[in-house]
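Here are my comments on the model you sent. They follow the sheet, then a helix pair, then the domains.

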Amino acid sequence: MSSSPFLNFIRQELRLRGYSLKTEKSYLYWIKYFIRFHKLQHPQNMGAEEVRAFLSFLAVEQHVAINTQKSALNALAFLYNKLLDQPLGDLGFQHAKQGRRLPIVLAANEIQNILGFMNERDHLIFSLLYGSGLRISECLRIRIQDINLDQGSLAVRCSKGNKDRTTILSRKLAEALNKQKAYAQQIQQDDNAKGYGPSLPFALSKKYPNAFRQLSWMFLFPSTSISPHPVTGELCRHHLHDSVPRKALKKAVDKASINEKRVNCHTFRHSFATHLLMAGRDIRTVQELLGHNDVSTTQIYTHVIGQHFAGTNSPLDQIL
(Lines give C-alpha, C1' and ligand atoms only; values in the text may rest on other atoms or scores of the structure.)
Protein backbone atom coordinates (compact mmCIF):
# COMPACT_ATOMS: atom_id res chain seq x y z
CA MET A 1 0.00 0.00 0.00
CA SER A 2 1.05 3.58 -0.65
CA SER A 3 1.64 6.24 2.01
CA SER A 4 -0.74 8.46 0.01
CA PRO A 5 -4.42 8.16 1.06
CA PHE A 6 -5.43 9.43 -2.39
CA LEU A 7 -3.51 6.69 -4.24
CA ASN A 8 -4.86 4.09 -1.82
CA PHE A 9 -8.36 5.35 -2.60
CA ILE A 10 -7.71 4.88 -6.33
CA ARG A 11 -6.35 1.38 -5.73
CA GLN A 12 -9.41 0.47 -3.70
CA GLU A 13 -11.77 1.76 -6.40
CA LEU A 14 -9.91 -0.19 -9.10
CA ARG A 15 -10.29 -3.39 -7.11
CA LEU A 16 -13.95 -2.74 -6.33
CA ARG A 17 -14.62 -2.33 -10.05
CA GLY A 18 -12.84 -5.58 -10.91
CA TYR A 19 -9.83 -4.22 -12.77
CA SER A 20 -6.88 -6.59 -13.10
CA LEU A 21 -3.75 -6.13 -10.99
CA LYS A 22 -1.80 -5.37 -14.17
CA THR A 23 -4.21 -2.55 -15.06
CA GLU A 24 -4.11 -1.31 -11.46
CA LYS A 25 -0.34 -1.08 -11.57
CA SER A 26 -0.41 0.73 -14.93
CA TYR A 27 -3.08 3.25 -13.91
CA LEU A 28 -1.36 4.09 -10.62
CA TYR A 29 1.95 4.57 -12.43
CA TRP A 30 0.49 7.08 -14.90
CA ILE A 31 -1.52 8.95 -12.29
CA LYS A 32 1.58 9.35 -10.11
CA TYR A 33 3.60 10.44 -13.16
CA PHE A 34 0.89 13.01 -14.01
CA ILE A 35 0.92 14.42 -10.46
CA ARG A 36 4.72 14.67 -10.39
CA PHE A 37 4.74 16.32 -13.82
CA HIS A 38 2.52 19.09 -12.47
CA LYS A 39 4.68 19.60 -9.38
CA LEU A 40 2.51 17.60 -6.95
CA GLN A 41 -0.73 19.48 -7.55
CA HIS A 42 -3.80 17.50 -6.54
CA PRO A 43 -5.74 16.22 -9.57
CA GLN A 44 -8.93 17.82 -8.20
CA ASN A 45 -7.32 21.22 -8.80
CA MET A 46 -6.43 20.35 -12.40
CA GLY A 47 -8.41 19.38 -15.48
CA ALA A 48 -8.42 18.94 -19.25
CA GLU A 49 -5.75 21.58 -19.89
CA GLU A 50 -3.26 19.87 -17.58
CA VAL A 51 -4.07 16.45 -19.01
CA ARG A 52 -3.52 17.76 -22.55
CA ALA A 53 -0.17 19.29 -21.54
CA PHE A 54 0.93 16.00 -19.99
CA LEU A 55 -0.03 13.94 -23.05
CA SER A 56 1.73 16.41 -25.32
CA PHE A 57 4.85 16.14 -23.17
CA LEU A 58 4.82 12.35 -23.53
CA ALA A 59 4.33 12.51 -27.30
CA VAL A 60 6.60 15.43 -28.22
CA GLU A 61 9.41 15.34 -25.68
CA GLN A 62 9.45 11.75 -24.44
CA HIS A 63 8.65 10.26 -27.87
CA VAL A 64 6.65 7.44 -26.30
CA ALA A 65 4.87 4.87 -28.46
CA ILE A 66 1.23 5.33 -29.47
CA ASN A 67 0.06 2.53 -27.18
CA THR A 68 1.92 4.15 -24.28
CA GLN A 69 0.06 7.41 -24.94
CA LYS A 70 -3.20 5.47 -24.92
CA SER A 71 -2.35 3.82 -21.60
CA ALA A 72 -1.66 7.20 -20.01
CA LEU A 73 -4.90 8.66 -21.41
CA ASN A 74 -6.95 5.67 -20.21
CA ALA A 75 -5.56 6.06 -16.70
CA LEU A 76 -6.35 9.78 -16.55
CA ALA A 77 -9.77 9.29 -18.15
CA PHE A 78 -10.59 6.76 -15.42
CA LEU A 79 -9.40 9.18 -12.76
CA TYR A 80 -11.37 12.18 -13.94
CA ASN A 81 -14.43 10.62 -15.55
CA LYS A 82 -15.14 7.86 -13.04
CA LEU A 83 -13.55 8.83 -9.73
CA LEU A 84 -13.41 12.61 -9.49
CA ASP A 85 -16.60 13.17 -11.51
CA GLN A 86 -14.84 15.88 -13.53
CA PRO A 87 -15.38 14.76 -17.16
CA LEU A 88 -12.49 15.74 -19.39
CA GLY A 89 -14.66 16.19 -22.46
CA ASP A 90 -12.96 16.69 -25.81
CA LEU A 91 -9.25 17.17 -25.14
CA GLY A 92 -8.50 18.15 -28.72
CA PHE A 93 -5.64 15.67 -28.54
CA GLN A 94 -5.23 13.24 -31.42
CA HIS A 95 -2.93 10.27 -31.37
CA ALA A 96 -0.75 9.56 -34.32
CA LYS A 97 -2.28 6.71 -36.27
CA GLN A 98 -0.69 3.33 -35.82
CA GLY A 99 0.00 1.64 -39.12
CA ARG A 100 -0.60 -2.05 -39.59
CA ARG A 101 2.37 -4.15 -38.54
CA LEU A 102 2.72 -7.72 -39.78
CA PRO A 103 3.65 -10.14 -37.00
CA ILE A 104 6.95 -12.00 -37.06
CA VAL A 105 6.45 -15.71 -37.69
CA LEU A 106 8.91 -18.56 -37.29
CA ALA A 107 9.12 -21.56 -39.59
CA ALA A 108 8.46 -24.96 -38.02
CA ASN A 109 12.13 -25.95 -38.25
CA GLU A 110 13.16 -22.68 -36.55
CA ILE A 111 10.83 -23.39 -33.65
CA GLN A 112 12.17 -26.92 -33.36
CA ASN A 113 15.71 -25.57 -33.40
CA ILE A 114 15.00 -23.05 -30.62
CA LEU A 115 13.27 -25.66 -28.45
CA GLY A 116 16.30 -27.88 -28.79
CA PHE A 117 18.40 -25.40 -26.80
CA MET A 118 16.02 -25.26 -23.80
CA ASN A 119 15.79 -27.24 -20.58
CA GLU A 120 12.72 -29.41 -19.92
CA ARG A 121 10.65 -26.77 -18.17
CA ASP A 122 11.27 -24.01 -20.71
CA HIS A 123 10.81 -26.48 -23.57
CA LEU A 124 7.34 -27.26 -22.18
CA ILE A 125 6.46 -23.58 -21.73
CA PHE A 126 7.29 -22.65 -25.32
CA SER A 127 5.74 -25.85 -26.66
CA LEU A 128 2.49 -24.71 -25.03
CA LEU A 129 2.83 -21.21 -26.48
CA TYR A 130 3.22 -22.64 -29.97
CA GLY A 131 1.03 -25.71 -29.62
CA SER A 132 -1.94 -23.97 -27.97
CA GLY A 133 -1.56 -20.35 -29.12
CA LEU A 134 -1.09 -18.94 -25.63
CA ARG A 135 0.17 -15.60 -24.42
CA ILE A 136 3.06 -15.98 -21.99
CA SER A 137 0.92 -14.73 -19.07
CA GLU A 138 -1.80 -17.27 -19.92
CA CYS A 139 0.73 -20.08 -20.00
CA LEU A 140 2.28 -19.24 -16.65
CA ARG A 141 -1.16 -18.97 -15.01
CA ILE A 142 -2.12 -22.53 -15.96
CA ARG A 143 -3.32 -24.51 -12.95
CA ILE A 144 -3.45 -28.31 -12.78
CA GLN A 145 -7.25 -28.28 -13.10
CA ASP A 146 -7.04 -26.48 -16.47
CA ILE A 147 -5.34 -29.42 -18.23
CA ASN A 148 -7.44 -32.09 -19.93
CA LEU A 149 -5.20 -34.54 -21.76
CA ASP A 150 -8.04 -36.98 -22.43
CA GLN A 151 -9.90 -34.41 -24.52
CA GLY A 152 -6.75 -32.67 -25.75
CA SER A 153 -7.95 -29.32 -24.40
CA LEU A 154 -6.68 -26.56 -22.18
CA ALA A 155 -8.79 -24.04 -20.26
CA VAL A 156 -7.44 -20.49 -20.34
CA ARG A 157 -8.69 -18.48 -17.37
CA CYS A 158 -9.06 -14.71 -17.03
CA SER A 159 -7.18 -13.93 -20.22
CA LYS A 160 -7.12 -10.55 -21.94
CA GLY A 161 -10.43 -8.78 -21.33
CA ASN A 162 -11.04 -11.02 -18.28
CA LYS A 163 -12.38 -13.78 -20.54
CA ASP A 164 -12.14 -17.56 -20.31
CA ARG A 165 -11.70 -19.79 -23.35
CA THR A 166 -10.73 -23.32 -24.30
CA THR A 167 -7.94 -24.10 -26.73
CA ILE A 168 -6.30 -27.21 -28.12
CA LEU A 169 -3.61 -29.19 -26.29
CA SER A 170 -1.11 -31.46 -28.00
CA ARG A 171 -1.19 -34.98 -26.58
CA LYS A 172 2.50 -35.25 -27.45
CA LEU A 173 3.10 -33.12 -24.37
CA ALA A 174 1.51 -35.73 -22.07
CA GLU A 175 4.80 -37.07 -20.67
CA ALA A 176 6.28 -33.60 -20.12
CA LEU A 177 3.04 -32.33 -18.55
CA ASN A 178 2.79 -35.28 -16.17
CA LYS A 179 6.40 -34.80 -15.12
CA GLN A 180 5.83 -31.08 -14.51
CA LYS A 181 2.61 -31.84 -12.61
CA ALA A 182 4.50 -34.24 -10.33
CA TYR A 183 7.11 -31.54 -9.68
CA ALA A 184 4.41 -28.97 -8.88
CA GLN A 185 2.66 -31.45 -6.58
CA GLN A 186 5.84 -32.05 -4.60
CA ILE A 187 6.33 -28.28 -4.22
CA GLN A 188 2.75 -27.95 -3.00
CA GLN A 189 3.11 -30.75 -0.45
CA ASP A 190 6.24 -29.13 0.98
CA ASP A 191 4.47 -25.75 1.15
CA ASN A 192 1.35 -27.25 2.74
CA ALA A 193 3.48 -28.75 5.50
CA LYS A 194 4.56 -25.18 6.32
CA GLY A 195 1.01 -23.83 6.24
CA TYR A 196 0.80 -22.16 2.85
CA GLY A 197 0.22 -23.01 -0.80
CA PRO A 198 -0.48 -21.49 -4.23
CA SER A 199 -1.88 -17.99 -4.51
CA LEU A 200 -5.64 -18.11 -5.00
CA PRO A 201 -8.16 -15.77 -6.63
CA PHE A 202 -9.30 -12.99 -4.32
CA ALA A 203 -11.56 -14.12 -1.43
CA LEU A 204 -11.43 -17.80 -2.46
CA SER A 205 -9.13 -18.57 0.48
CA LYS A 206 -11.81 -17.20 2.83
CA LYS A 207 -14.64 -19.12 1.20
CA TYR A 208 -12.62 -22.35 0.98
CA PRO A 209 -9.92 -22.21 3.69
CA ASN A 210 -8.37 -25.54 2.61
CA ALA A 211 -8.36 -24.88 -1.14
CA PHE A 212 -4.60 -24.28 -1.06
CA ARG A 213 -4.18 -28.00 -0.21
CA GLN A 214 -5.99 -29.17 -3.34
CA LEU A 215 -3.71 -30.11 -6.24
CA SER A 216 -6.24 -28.68 -8.71
CA TRP A 217 -5.37 -25.12 -7.61
CA MET A 218 -1.61 -25.54 -7.91
CA PHE A 219 0.16 -23.67 -10.70
CA LEU A 220 1.79 -25.89 -13.31
CA PHE A 221 4.83 -23.60 -13.29
CA PRO A 222 5.25 -22.50 -9.66
CA SER A 223 7.56 -19.70 -8.62
CA THR A 224 10.85 -20.60 -6.97
CA SER A 225 10.08 -18.39 -3.96
CA ILE A 226 7.32 -17.47 -1.52
CA SER A 227 5.85 -13.97 -1.52
CA PRO A 228 2.89 -12.04 -0.03
CA HIS A 229 -0.36 -12.18 -2.00
CA PRO A 230 -0.78 -8.78 -3.74
CA VAL A 231 -4.34 -8.40 -2.40
CA THR A 232 -4.65 -10.35 0.85
CA GLY A 233 -1.03 -10.12 1.99
CA GLU A 234 -0.99 -13.84 2.87
CA LEU A 235 2.24 -15.74 2.20
CA CYS A 236 1.82 -17.96 -0.85
CA ARG A 237 3.57 -19.29 -3.92
CA HIS A 238 2.68 -17.48 -7.14
CA HIS A 239 3.43 -18.72 -10.64
CA LEU A 240 6.80 -18.33 -12.34
CA HIS A 241 7.64 -14.73 -13.26
CA ASP A 242 7.53 -14.03 -17.00
CA SER A 243 11.12 -12.72 -16.97
CA VAL A 244 12.36 -16.30 -16.49
CA PRO A 245 11.13 -17.75 -19.82
CA ARG A 246 11.98 -14.50 -21.62
CA LYS A 247 15.63 -14.83 -20.58
CA ALA A 248 15.63 -18.52 -21.53
CA LEU A 249 14.23 -17.64 -24.97
CA LYS A 250 16.91 -15.04 -25.63
CA LYS A 251 19.66 -17.55 -24.86
CA ALA A 252 18.06 -20.24 -27.02
CA VAL A 253 17.56 -17.88 -29.97
CA ASP A 254 21.22 -16.83 -29.77
CA LYS A 255 22.37 -20.45 -29.69
CA ALA A 256 20.07 -21.30 -32.61
CA SER A 257 21.69 -18.44 -34.58
CA ILE A 258 18.36 -16.95 -35.62
CA ASN A 259 19.56 -13.41 -36.25
CA GLU A 260 17.27 -12.21 -39.03
CA LYS A 261 14.04 -12.19 -37.00
CA ARG A 262 13.07 -10.39 -33.83
CA VAL A 263 11.82 -13.27 -31.68
CA ASN A 264 9.87 -12.88 -28.44
CA CYS A 265 7.35 -14.98 -26.53
CA HIS A 266 4.43 -13.68 -28.59
CA THR A 267 6.14 -14.87 -31.78
CA PHE A 268 5.13 -18.42 -30.87
CA ARG A 269 1.46 -17.40 -30.67
CA HIS A 270 1.76 -15.67 -34.05
CA SER A 271 3.35 -18.82 -35.48
CA PHE A 272 0.53 -21.00 -34.06
CA ALA A 273 -2.14 -18.94 -35.86
CA THR A 274 -0.22 -18.65 -39.12
CA HIS A 275 0.63 -22.34 -39.34
CA LEU A 276 -2.99 -23.35 -38.66
CA LEU A 277 -4.21 -21.12 -41.49
CA MET A 278 -1.49 -22.46 -43.80
CA ALA A 279 -2.75 -25.96 -42.99
CA GLY A 280 -6.22 -24.96 -44.21
CA ARG A 281 -7.96 -24.40 -40.87
CA ASP A 282 -11.03 -22.16 -40.84
CA ILE A 283 -10.29 -18.58 -39.75
CA ARG A 284 -13.26 -18.60 -37.34
CA THR A 285 -11.79 -21.62 -35.59
CA VAL A 286 -8.43 -19.89 -35.27
CA GLN A 287 -10.22 -16.80 -33.95
CA GLU A 288 -11.86 -18.85 -31.20
CA LEU A 289 -8.62 -20.59 -30.26
CA LEU A 290 -6.81 -17.25 -29.97
CA GLY A 291 -9.67 -15.60 -28.06
CA HIS A 292 -10.04 -12.65 -30.46
CA ASN A 293 -13.25 -10.64 -30.18
CA ASP A 294 -13.22 -9.63 -33.82
CA VAL A 295 -12.26 -11.80 -36.77
CA SER A 296 -10.54 -8.78 -38.34
CA THR A 297 -7.84 -9.14 -35.68
CA THR A 298 -7.25 -12.72 -36.80
CA GLN A 299 -7.22 -11.75 -40.48
CA ILE A 300 -3.82 -10.11 -40.07
CA TYR A 301 -2.36 -13.62 -40.34
CA THR A 302 -3.80 -14.06 -43.83
CA HIS A 303 -1.51 -11.20 -44.88
CA VAL A 304 1.47 -13.03 -43.44
CA ILE A 305 0.86 -16.04 -45.68
CA GLY A 306 -0.36 -14.06 -48.70
CA GLN A 307 -3.97 -15.25 -48.77
CA HIS A 308 -5.18 -11.71 -49.29
CA PHE A 309 -3.92 -11.61 -52.86
CA ALA A 310 -5.54 -14.97 -53.72
CA GLY A 311 -2.67 -16.56 -55.62
CA THR A 312 -1.94 -13.59 -57.90
CA ASN A 313 1.45 -14.04 -59.55
CA SER A 314 4.08 -11.41 -60.09
CA PRO A 315 4.10 -9.99 -63.66
CA LEU A 316 7.83 -10.75 -63.70
CA ASP A 317 6.95 -14.44 -63.88
CA GLN A 318 5.54 -13.88 -67.39
CA ILE A 319 8.78 -12.68 -68.93
CA LEU A 320 11.47 -14.71 -67.16
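**Notes on the predicted model**

1. Three strands make up an open sheet, ordered S1-S2-S3, with antiparallel pairing.

2. Look at the sheet edges. These are held by strand S1 (147–148) and strand S3 (163–168). Each has a single partner strand, so one side of S1 and one side of S3 lack a neighbour in the sheet.

3. How many bridges join strand S2 to S3? Five. Strand S2 covers residues 153–159, and S2 and S3 run antiparallel.

4. S2 and S3 form a hairpin with three residues between the strands. Glycine 161 in this hairpin adopts a positive phi, near 80°.

5. Next, a helix pair. For helix H6 (residues 120–132) and helix H10 (residues 243–255), the angle is about 95° and the axes lie 10 Å apart. Angles from 65 to 115 degrees count as roughly perpendicular, and H6 and H10 are therefore roughly perpendicular to each other.

6. Which residues make the contact of H6 with H10? From H6 come Arg121, Asp122, Ile125 and Phe126. H10 supplies Val244, Pro245, Ala248 and Leu249. By class, the contact of H6 with H10 has six nonpolar residues, two charged and no polar ones.

7. Last, the annotation. An unreviewed UniProt entry annotates residues 4–84 as "domain: Core-binding (CB)". In the model, this span is 75% helix and 0% strand. The end C-alpha atoms of residues 4–84 are separated by 16 Å.

Definitions and conventions:
Residues are numbered from 1 along each chain as its sequence is written. This is a predicted model: local features need pLDDT of at least 70, side-chain atom pairs count only at pLDDT 80 or more; totals for chains, interfaces and linings use all residues. Side-chain values use heavy atoms; hydrogens and water are left out. UniProt positions are given in the numbering used here, feature names are shortened, and annotations may be inferred rather than shown by experiment. Helices (H or I, at least four residues) and strands (E, at least two) are DSSP runs, numbered from the N terminus. Axes are lines fitted to C-alpha atoms, for helices over the stretch in contact, and angles run from 0 to 180 degrees between N-to-C directions. Angles under 35 degrees count as roughly parallel, over 145 as roughly antiparallel, 65 to 115 as roughly perpendicular and the rest as oblique. Contact means heavy atoms within 4.5 Å. Ala, Val, Leu, Ile, Met, Phe, Trp, Tyr, Cys and Pro count as nonpolar, Asp, Glu, Lys and Arg as charged, and the others, Gly among them, as polar. Two strands pair if DSSP finds at least two bridges between them.
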